[in-house]
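Visitor: I'd like a close look at just one part of this protein. Could you take me to the middle of it and show me what sits around there?

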Amino acid sequence: SVGKEIERSGKKGALARRLASFSSISVVCFPLCTALQEKTSTRRAELRSSMAVRPIPNELKKQMQRAVIKHTDMNSELQTEVVDVVIGGIDKHAGASGVNLENASRLIKDTLDKQYGAQWHCVLGEGFSFDITAQDGSLMYCFYQGNLAILVFKC
């Protein structure tokens with residue numbers, strides 16, 4: 001019965017042959033499913049186009065290009081110098097595939113060891129927590145480029 005209706009309507013493609021093998025309930029549901037898929041794909045295309053059109057505001061670009069210090073017990077002079085070392089190390093090891101975190105943290109640690117004495121530690125990453133004991137005046141926790149967390153301390 002369903003197959004005869006499809007033949008009468010003139011549909012001879014693979015889709016028509018597949019529909020002929022289903023029950024009449026499937027044939028009734030098919031236009032509804034197709035309409036939902038088309039609506040969903042249209043909505044996805046609208047979202048993609050709206051995201052692609054919106055440029056990043058200049059104020060946000062400026063904030064992402066400087067370190068945002070979350071916590072520190074360093075004096076302001078040391079803090080400024082350490083931030084400069086951190087930003088330089090991250091920018092030096094940034095590439096098309098992202099930042100090489102291991103090399104950047106090694107460079108930051110070695111630079112701080114040379115400038116301020118041994119036993120500096122540097123942790124770079126996303127989504128980590130910490131509970132450490134550090135020398136007074138040597139701890140800094142900051143973010144750079146939005147979501148890259150940097151923990152620098154001396155013990």
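**A look into the core**

Guide: Let's start with the largest nonpolar core, which has 21 residues; V82, V86, I90, I108, I150 and V152 are the ones that touch the most other members. Keep in mind that this is a predicted model. Who contributes to that core? At least two residues each come from α5, α6, β4, β5 and β6. Helix α5 gives the largest share, with seven residues.

Pick out V86 and see who it meets. Setting aside neighbours within four places in sequence, V86 is in contact with I108, M140, I150 and V152.

Now follow helix α5 itself. It is 17 residues long and spans 24 Å from first C-alpha to last, close to the 24 Å expected at 1.5 Å a residue. Its buried residues are L78, V82, V83, V85, V86, I87, G89 and I90.

Next, the sheet. Four strands make up an open sheet, in the order β1-β5-β6-β4, with antiparallel pairing. At the edges you'll find β1 (68-72) and β4 (120-125), each pairing on one side only. On average, neighbouring strands of this sheet are turned by 15° against each other, ignoring direction. Helix α5 (residues 76-92) packs on the sheet and touches β1, β4, β5 and β6, with its direction at about 45° to that of β5. Helix α6 (residues 101-116) packs on the sheet as well, touching β4 and β6, and its direction makes about 155° with that of β4.

Zoom in on β6, and ask: how many of its residues are buried? Seven of the seven are, so β6 is largely enclosed by the rest of the structure. Here's a handy bit of background: in a regular strand, side chains alternate between the two faces of the sheet. In β6 both faces are covered, with L148, I150, V152 and K154 buried on one side, and A149, L151 and F153 buried on the other.

What about the partners of β6? Strand β5 (residues 140-144) is joined to β6 (residues 148-154) by five bridges, and the two run antiparallel. Along that pairing, F143 stands opposite A149, and C142 stands opposite I150. These two strands form a hairpin with three residues between them, and Q145 in the turn has a positive phi of about 60°. Strand β4 is joined to β6 by six bridges, again antiparallel, and there L124 stands opposite I150.

For contrast, look at E102 in helix α6. This residue is exposed, with a relative accessible area of 64%. E102 and G125 are 23 residues apart in sequence, and their C-alpha atoms are 9.6 Å apart in space.

Finally, zoom back out. The protein chain has six helices and six strands, and from the N terminus they run α-α-α-α-β-α-β-β-α-β-β-β. Of its 155 residues, 23% count as buried. The chain exposes about 11,000 Å², with carbon and sulfur atoms supplying 54% of that. And of the contacts between residues at least 6 apart in sequence, 51% join residues at least 24 apart.

Terms used:
Residues numbered from 1 in each chain as written. Predicted model: local features only at pLDDT ≥ 70, side-chain atom pairs only at ≥ 80, totals over all residues. Heavy atoms only, no water. Pairing = 2+ DSSP bridges. Axes fitted to C-alpha atoms, helices over the stretch in contact; angles between N-to-C directions. Contact = heavy atoms within 4.5 Å. Buried < 20%, exposed > 50% of the residue type's maximum accessible area, 1.4 Å probe, protein only. Areas by Shrake-Rupley, 256 points an atom, 1.4 Å probe, with all protein chains shown as cover. Core = buried A, V, L, I, M, F, W, Y, C linked by side-chain atoms within 4.5 Å. Expected span 1.5 Å × (residues − 1).
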